[in-house]
Amino acid sequence: MVVGTHLAWVRWTGTGDILGKPEREQRLEVYTTGATVVAITGSFITAAIAQYASASGRRMRVLRTTGHLGSQFRRNWVSILSATLLIAGACLLATVLDTTSRDPGGVHWLVEGALTLGFVRSYRLLWLFNSVILASDRDLADPAPDPHQLHA
């Protein structure tokens, strides 16, 4: 919707086409930089998933095993990781498809859409990562059980 609105604005006013104005070389730099940033973000995602999977406190156990909550967290992780792969692929595909000086085919709109999706998904990633950190920290703050009371 954001990209469609921007496209309509550019067509109506003839101004504001941020990725369409630069020459091909500069657009290709934007595409490859976008793919690189998304790939680096993908490594953060896998680190966050590893943290989620390895946390073993009471709250994390509930978070993972509660029916709708656990499945919602898993769907969110998979959705963010899938979007990351899609965005990187779109940016790399644009480097192949954008072959002319002015991009008459509109490949830069594909990249704008992919980067907009990445921006939206990054907020979801921050929310998920924060939720995992908070639950893990709360589990660590719980008092350790007294070993003498366990055997009594």
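Predicted model: local features only at pLDDT ≥ 70, side-chain atom pairs only at ≥ 80, totals over all residues.
A nonpolar core, as I use the term today, is a set of buried Ala, Val, Leu, Ile, Met, Phe, Trp, Tyr and Cys residues joined through side-chain atoms within 4.5 Å.

The largest nonpolar core has 14 residues. Which of them touch the most other members? They are Tyr31, Ile87, Cys91, Ala94 and Val111. Three helices each supply at least two residues of this core: H2, which covers residues 24-54, along with H4 and H5. H4 gives the largest share, at six residues. As a general remark, nonpolar side chains in soluble globular proteins tend to be buried together.

Next, how these helices pack. Two packed helices are described by the angle between their axes and the distance between the axes. Take H4 and H5. H4 runs over residues 67-97 and H5 over residues 107-141. Their axes are 9 Å apart, and the packing angle is about 155 degrees. Are the two helices parallel or antiparallel to each other? An angle over 145 degrees counts as roughly antiparallel, so H4 and H5 are roughly antiparallel. The crossing of H4 past H5 is left-handed. In the contact of H4 with H5, the residues divide into 21 nonpolar, four polar and two charged.

Now H2 and H5. Here the axes lie 10 Å apart, at an angle of about 20 degrees. Angles under 35 degrees count as roughly parallel, and therefore H2 is roughly parallel to H5. H2 also passes H5 in a left-handed crossing.

On to the aromatic residues. Rings count as a pair if their centres lie within 6.5 Å, and by this rule there are three aromatic pairs. I will go through two examples. In one, the rings of Trp9 and Trp12 have centres 5.8 Å apart and planes at 65 degrees. Planes over 60 degrees apart count as edge-to-face, so that is what the Trp9 and Trp12 pair is. Why are Trp9 and Trp12 separated by about one helical turn? Because they are three residues apart in helix H1, which covers residues 2-13. Trp9 is partly exposed, since its relative accessibility is 44%. Trp12 is exposed, with a relative accessible area of 70%.

The other example is Phe73 with Trp127. Their ring centres are 5.8 Å apart and their planes are at 35 degrees, so this pair is tilted. The pair links distant parts of the chain, with Phe73 in H4 and Trp127 in H5, 54 residues apart. Is Phe73 buried or exposed? Phe73 is buried, having a relative accessible area of 4%.

I will close with two single residues. Arg75 is also placed in helix H4. Its relative accessibility of 54% makes it exposed.

Gly4 lies in helix H1 and is partly exposed, at 45% relative accessibility. Gly4 and Gly113 are 109 residues apart along the chain, and their C-alpha atoms are separated by 8.8 Å.

Key
Residues numbered from 1 in each chain as written. Heavy atoms only, no water. Phe/Tyr/Trp six-rings, centres within 6.5 Å; stacked < 30°, edge-to-face > 60°. Helix = DSSP H or I, 4+ residues; strand = E, 2+ residues; numbered from the N terminus. Buried < 20%, exposed > 50% of the residue type's maximum accessible area, 1.4 Å probe, protein only. Axes fitted to C-alpha atoms, helices over the stretch in contact; angles between N-to-C directions. Parallel < 35°, antiparallel > 145°, perpendicular 65-115°, else oblique. Left-handed = near helix turned anticlockwise from the far one by under 90°. Nonpolar A, V, L, I, M, F, W, Y, C, P; charged D, E, K, R; others polar.
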